[in-house]
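Okay, everyone, thanks for coming. Let me put the model up, and then we'll walk through it.

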There are 4 protein chains.
Amino acid sequence: MTIRFGVIGTGAIGREHIKRIQNKLSGGEIVAVTDVNQASAKDVVERFELDAAVYPDDKALISAENVDAVLVTSWGPAHEASVLAAIEAGKYVFVEKPLATTGEGCMRIVEAEMKHGKRLVQVGFMRRYDSGYVQLKEAIDNNFIGEPLMIRCAHRNPEVGENYTTDMAIHDTLIHEIDVLHWLVNDDYKTVQVTYPKKSKHALEHLKDPQIVTLETNGGIVITAEIFVNCKYGYDIQCEVIGDEGIVSLPEFQSISFRKNATFGTNVLNDWKDRFIDAYDKELQDFMDSIKKTGEPNGPTSWDGYIAAVTADAAIKAQDSGEKEVVSLVEKPDFYNQYQTI
Amino acid sequence: MTIRFGVIGTGAIGREHIKRIQNKLSGGEIVAVTDVNQASAKDVVERFELDAAVYPDDKALISAENVDAVLVTSWGPAHEASVLAAIEAGKYVFVEKPLATTGEGCMRIVEAEMKHGKRLVQVGFMRRYDSGYVQLKEAIDNNFIGEPLMIRCAHRNPEVGENYTTDMAIHDTLIHEIDVLHWLVNDDYKTVQVTYPKKSKHALEHLKDPQIVTLETNGGIVITAEIFVNCKYGYDIQCEVIGDEGIVSLPEFQSISFRKNATFGTNVLNDWKDRFIDAYDKELQDFMDSIKKTGEPNGPTSWDGYIAAVTADAAIKAQDSGEKEVVSLVEKPDFYNQYQTI
Amino acid sequence: MTIRFGVIGTGAIGREHIKRIQNKLSGGEIVAVTDVNQASAKDVVERFELDAAVYPDDKALISAENVDAVLVTSWGPAHEASVLAAIEAGKYVFVEKPLATTGEGCMRIVEAEMKHGKRLVQVGFMRRYDSGYVQLKEAIDNNFIGEPLMIRCAHRNPEVGENYTTDMAIHDTLIHEIDVLHWLVNDDYKTVQVTYPKKSKHALEHLKDPQIVTLETNGGIVITAEIFVNCKYGYDIQCEVIGDEGIVSLPEFQSISFRKNATFGTNVLNDWKDRFIDAYDKELQDFMDSIKKTGEPNGPTSWDGYIAAVTADAAIKAQDSGEKEVVSLVEKPDFYNQYQTI
Amino acid sequence: MTIRFGVIGTGAIGREHIKRIQNKLSGGEIVAVTDVNQASAKDVVERFELDAAVYPDDKALISAENVDAVLVTSWGPAHEASVLAAIEAGKYVFVEKPLATTGEGCMRIVEAEMKHGKRLVQVGFMRRYDSGYVQLKEAIDNNFIGEPLMIRCAHRNPEVGENYTTDMAIHDTLIHEIDVLHWLVNDDYKTVQVTYPKKSKHALEHLKDPQIVTLETNGGIVITAEIFVNCKYGYDIQCEVIGDEGIVSLPEFQSISFRKNATFGTNVLNDWKDRFIDAYDKELQDFMDSIKKTGEPNGPTSWDGYIAAVTADAAIKAQDSGEKEVVSLVEKPDFYNQYQTI
């Protein structure tokens, strides 16, 4: 059995996923594409020699008989409508973050999915598939460090362009920590606060950089997350979980070590795209494998997308207020408790 | 285009590769299987739900119309005949080590392939696809450490069973270093010597363990390779290349770090099968991709299989003599110089 | 020239310093001792075979002709009076922390010293003499990381006794970070806030542990300091300074590495007394050397003692209020600007 | 009680030790100096403001009433006569390596010392006082790694001057490994062999560099020691002891870590003088402390000096012959078995 994908949005990330499914992963094929820019959709078919139809819009693509699963890699504000339409049609959906741009939008998807009666949607939070995070999760679940009390993490980019704004530190950068951390410790966020240290001279005038985001969970875990997108030295993701019996930390990105010029060192990545490349492969392979095996996807759920949206909204509010803001999640529906997500 | 594989030998490693091609990699399928134990071949078809014919022997499988490439994962002494038959039939071959059990056998394959006129054969030396070795190779090729002068490496297993004999330290263990090191430094072996340090109390009576193998290349590089297959603490592969401008070393296997019980540490693998799992995937994916793209495989060649066999034979002789033994390779045919193998 | 010391307070730390001066360092000798417990003072003379007079109290000891320098290692609340008396007598003083138990008390010492006209007092903040902190200071001063923007540090003990109370996390534990961090970045504290994460199950009922202290400097540097005195795994001091051009971190305590039982690790200390043992030696040797060379001590000043006291008071207030509290330092007198302390 | 030193040889290393005793260590003073260059001896007295007499030669200095211990830091070939004279006079001796330039010369000292009836001599092999080696020794003695089977070590200098010749790789460089390794594993050398890898382009024409020295002990331990004195990248000492239960390794020289310019690294020393600076202090302090406490020094003995000389001679022979050469030690006298040297 092959999962036949229809792709909505043939920009950069859409193309990466198309190449992945066609050339690297097992059990999927691209049978349909669409894009608001139809020329882009046609170009993709030609360039990657796809045996795929080009559709005028997401609705037409979703309703195509031979489309088993929809890959939503369009512009963020368009995600919600495509996902709702796919659920309506009973099609599987792999949607890149954000699931929807608002908590309300996410909740509409959650409700539609519950009404449908089984899981259809997986959100593209790939870090849960990274071997480092997987090892952290196993250690915590096996009680290796006892009860988690604190988390220290950092998300650093060497630099960002002029279009990167202060709120994107939440929506585009911290969003990955927001998803992966509550999953790691199996807890929910209660409050969030943002502090601005001295600004880096490499940050453009309109941008506050670095930022420190402090999240507190219902269970009392305090998370200190540094976002620093002009750190110059490289792309670097750090995460340390401090428990009452010990500490575990994410490994450095794997590099040969060297001794040269009075330095004993390893290489730090410059390009974020290289950091989670295996995780991108694994999330999509798992999406396909899990559907084949159980009839439902196994990765981050619509509910996880909702958590991310509500938490990000509170963090944005905290950026402006300087105060500790409440993360107001509704109670988790029983429907999502049945899924032990990866 | 899909590469249709016929598999000769459905034991443990054969099954691993079958699962890989069916479930994890892109662009291949299993259409034929055979095994001296026909029940095993039939079991594989059933168990993995293959759409594949069971053949009575390798010759029949090789001559099947729909077989594009042959995967040789049978018992070592049977490899040569299957590979020669595949070349005769003009089929691609991915053969697990050893290419053949003797230097002469390898040379027969080399000559058959040259006579055929293009590359058909790839030998399963997977380490060249390991990201650590790939980084070492890049660093050396980019002259990051200047001229390589020495290599220190270690190949350690936690323990071995009763059937592991002293010569297997060469044929089954060192064989991977033999292949990957000459490729790393682009040089050929000249001599080999074996020294036996004090024996570990954990080594069984019939086994000499550890062993130190010293290889010298034509260019004067001295390689000190420790083989220690009852090291107790874990499966550990180390490689350090010392050049006149600096040193590069293989990374440790990637693990989260921890602080617990007065230790700051990382985990060492126990099972060798976990160490190069990505490399196994990559070598087979590359075999398929390269054939599709260029009409020839791209990985370790028959000539590399020949080098490994001749070097291993000299090392076995050195185990017995205690002397420095010559590695007598014939001159490399121009045919193989045209291939810049991975 | 030998510096002749009078020691006020012959408890544990007094004895450590006496042994150091007598047996390990160059250029000092103990000629006088006193203690509120006269038996302890006599015992010290006998046990360490000192050629030293026992005085009934600090005043008598300070006024002894042959005392060049006073070592104040008595109970904290007694420090201020002894230091003031020594300044009055024009004697050098090496005083263990705290300089005085209140900011006002420290200010009285500052004013007495200024009135005297030259430096006499060094406070026992030994971390500035630790080779790791010295390297951090050099790197920062040499602009290796550009402008410091953030500091992340941790002060962890394996466990504490029943007499350790929540405020001691500031006065006895964080106090070392308070001193060393403003020196590292050459900046002053502006505000301090304390957050309590989920409590460790190993902390006794009366103790809040861990604590996170956030300090902000006048220059905008945000310092996140974790205090965790029941971390179980060992005594561990961490400090990472994040600048706009790079990051520097304190080394782990130096230990051999090992590979055993599926772990690649180093040893973490259990006993805090081993961590800064070289720094204790160096601070006292430097005290003596600097006096001999320049007529004044070179280490942490009375002003540094004042900063520590005022900052600690604000932190204690923050422990209770949960709010961001202001660190209200008076303007630094020119007198102390002339000293480039180590 | 103060140990009163007479110093024979006021060149670079003599001056370092004089400064150490005068300014840094406890319990010693310099009361006499001599040098074949009398102007140098006088200069030292003046420059370091010593209260010391200048003697015309070693004999006169040794016989001075107020000299308790002799520090021999003259030219190597002069050591033997000074040490013998000191023993004759019943004076303690701290002698820099070599104890004597030949095995026979060392044996004359051994015999003189035995005849005297108690230990007087300590040889300046400082590595035994280095905290890293001390930790290795403890781990081995505590059976942490079981029985040692192999040792891998490296001694690397960034570069050497024109006067550095191939044999100095043994006498001046490897000599430290020769001493410290037999002490570490409590075993004696049986054979030694030297291999020359490809020469570094940075080595001058007359010099073979790098060299690999293989030592085998009576107990069967195989030691692979790399000497590379033009390694360019820094001064680097490595030592890994591989046992049947685990492995222990010397720590890297302690440095802050940094993240900058796409590198995560630590600093490697350039200057060998910084590497063992603490060990130099400790060996001399221990020499004084042990004499005061037990009447005899505690560090490396004349017998250790003899082992070093005989082993170095065999290694020099092996440099020329290319063969495995025997290290011919006479049986260890009971006299030296009574000393458990540090």
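So, how much area is buried between domain 1 of chain A and domain 2 of chain A? About 930 Å², with carbon and sulfur atoms giving 60% of it; buried area here is the accessible area (1.4 Å probe) that two parts lose on being put together, summed over both. On the domain 1 side, A:Lys97, A:Arg127 and A:Ile307 lose the most, together 70% of what that side buries.

Housekeeping: this is a predicted model, where local features need pLDDT of at least 70 and side-chain atom pairs count only at pLDDT 80 or more, while totals for chains, interfaces and linings use all residues. Residues are numbered from 1 along each chain as its sequence is written, chains are lettered from A and ligands numbered from 1 in the order written, and side-chain values use heavy atoms, leaving out hydrogens and water.

Back to chain A. Domain 1 is 3–127 + 278–307 + 331–337, and domain 2 is 132–270, with bounds from an automatic or database domain assignment. Their C-alpha centres lie 27 Å apart. Six residues of domain 1 are in contact with 14 of domain 2, contact being heavy atoms within 4.5 Å.

The rule finds one salt bridge across that interface, meaning a side-chain nitrogen of Lys or Arg within 4 Å of a carboxyl oxygen of Asp or Glu. A:Glu177 and A:Arg127 meet in a salt bridge through their side chains, at 2.8 Å, N to O.

Last bit, the copies. Chain A goes onto chain D with an RMSD of 0.0 Å, by a turn of 180° and a shift of 0.0 Å along the axis, superposing by least squares on C-alpha atoms of residues with pLDDT of at least 70 in both. That's the relation of a two-fold axis.
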